[in-house]
Amino acid sequence: EIIIPAGKRLGPADIGIAAAAGQTKLTVHRQLRVGVISMGDEIIDPGTRPNYGQSYDSNRPMLHALISADGHEVQTFPIVPDNLQALIAAYEEAFASCDVVISSGGASDGDEDHTQAAMSAIGADLIFWRLAMKPGRPIAVASLGDKRLFCLPGNPVAAFVCYRLLASPVIDVMAGGVARPLLRASVKAGFDHKKAAGRAEYLRVRLEIDQQGEAVMRLHGRRGAGVLSSLTGADGLVEIPVENAGVTEGDYLSFIPFREAGL
């Protein structure tokens with residue numbers, strides 16, 4: 001009987017059953033090294049004094065924590081200004097030592113969004129740019145040989161959602177794992193919400209038990225891809241499909257739990 005299949009992420013139960021089978025050593029893949037870059041003239045390092053119009057960078061610390069929790073090695077790089085040559089240099093430096101590079105900001109098509117030109121300059125091949133999802137529409141993904149570049153949106157909620165739904169599964173496979181199906185549970189919505197058809201939407205929710213003893217999803221925090229507080233205290237995401245034009249209270253939708261909300 002196979003007790004731990006190849007590609008399985010080792011957890012406490014796996015270690016226990018390996019010991020119960022008399023094993024003292026397991027063959028594992030090496031940790032991937034993931035580089036994290038934030039970009040933007042308006043962001044600064046926490047602990048420094050902001051000038052007018054500046055805000056502290058939350059994406060690098062948040063992504064560092066997410067990637068570390070997934071079992072990968074993380075290397076962070078300095079904030080990159082809104083300058084094409086500076087971004088090219090930052091990507092080249094990061095790829096010199098990392099298997100995967102994740103940048104946040106500059107992924108859209110504004111005058112100071114340089115990720116498309118920078119990835120072309122370093123010889124990366126664009127896999128896709130933009131997805132029909134909210135938050136996270138401007139995400140871009142590229143390959144550089146057997147390495148990968150993820151250009152996440154700069155808004156922190158969008159960066160969190162894009163990492164969890166898109167980047168994390170790819171990095172797991174690159175690290176020798178297998179793609180794990182996303183856990184979705186059909187749960188009743190306790191809210192009304194309007195949206196345009198043609199784009200999937202992910203909102204932060206908390207689970208409550210109603211008077212009938214049934215789980216109900218309630219919207220949590222203020223909406224918006226820049227409202228990081230909407231993630232803290234949330235139990236997970238509600239997935240509103242592409243074809244839906246909105247949500248009516250009582251509809252059943254897919255609930256995707258955050259790992260932090262589980263055991």
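Trainee: How many aromatic pairs are there in this one?
Mentor: The count comes to 1 aromatic pair, and keep in mind that we're looking at a predicted model. The partners are Phe 160 and Phe 258, arranged edge-to-face, with 5.4 Å centre to centre and 75° between the planes.

Trainee: Which parts does the pair tie together?
Mentor: Phe 160 belongs to helix α5 and Phe 258 to the segment after β16 (252-257), so the pair links parts that are 98 residues apart in sequence.

Trainee: And is Phe 160 buried or exposed? What about Phe 258?
Mentor: Phe 160 counts as buried because its relative accessibility is 7%. Phe 258 is buried too, with a relative accessible area of 8%.

Trainee: Let's stay on α5 for a moment. What does Arg 164 touch?
Mentor: Arg 164 is also in helix α5. Not counting residues up to four places away in sequence, Arg 164 touches Leu 66, Pro 169, Phe 258, Arg 259 and Glu 260. So Phe 258, from the aromatic pair, turns up again in the list for Arg 164, and with Glu 260 there is a side-chain polar contact of 3.1 Å.

Trainee: Is that arginine buried or exposed?
Mentor: Arg 164 is buried, at a relative accessible area of 14%.

Trainee: Switching topic: how many disulfides does a search of the whole structure find?
Mentor: The search finds 0 disulfides. Take Cys 98, for example: the nearest cysteine sulfur belongs to Cys 151 and is 14 Å away. For Cys 162 the nearest cysteine sulfur is again that of Cys 151, here 11 Å away.

Trainee: Why does that rule out a bond there?
Mentor: A disulfide is a covalent bond between the sulfur atoms of two cysteines.

Trainee: OK, now α2. Which residues are buried in that helix?
Mentor: The buried ones in α2 are Asn 59, Arg 60, Met 62, Leu 63, Leu 66 and Ile 67. They span an arc of only 160° around the axis, so they are on the same side of α2.

Trainee: What do they pack against?
Mentor: The buried residues of α2 pack against the strands β1 (33-38), β4 (73-76), β5 (100-104) and β9 (147-152), and against helix α5 (156-174). Just after α2, you'll also find Gly 71 with a positive phi of about 90°.

Trainee: And what about the other end, where does Asp 57 lie?
Mentor: Asp 57 is in the loop that runs between β3 (55-56) and α2 (59-69). Its side chain reaches the backbone nitrogen of Asn 59 at 3.1 Å and makes a polar contact with the side chain of Arg 60, at 2.6 Å. Both Asn 59 and Arg 60 are among the buried residues of α2.

Trainee: Is Asp 57 itself buried or exposed?
Mentor: Asp 57 counts as buried, since its relative accessibility is 4%.

Technical notes. Residues are numbered from 1 along each chain as its sequence is written. This is a predicted model: local features need pLDDT of at least 70, side-chain atom pairs count only at pLDDT 80 or more; totals for chains, interfaces and linings use all residues. Side-chain values use heavy atoms; hydrogens and water are left out. Helices (H or I, at least four residues) and strands (E, at least two) are DSSP runs, numbered from the N terminus. Buried means under 20% relative accessible area, exposed over 50%, partly exposed in between (1.4 Å probe, protein chains only). A polar contact is a pair of N or O atoms within 3.5 Å; within protein, one must be able to donate a hydrogen and the other to accept it, and residues adjacent in sequence count only if both atoms are side-chain atoms. A disulfide is a pair of cysteine sulfur atoms within 2.5 Å. The arc is that of the directions from the helix axis to the C-beta atoms. Contact means heavy atoms within 4.5 Å. Rings of Phe, Tyr and Trp (its six-membered ring) pair if their centres lie within 6.5 Å; planes under 30 degrees apart count as stacked, over 60 as edge-to-face and the rest as tilted.
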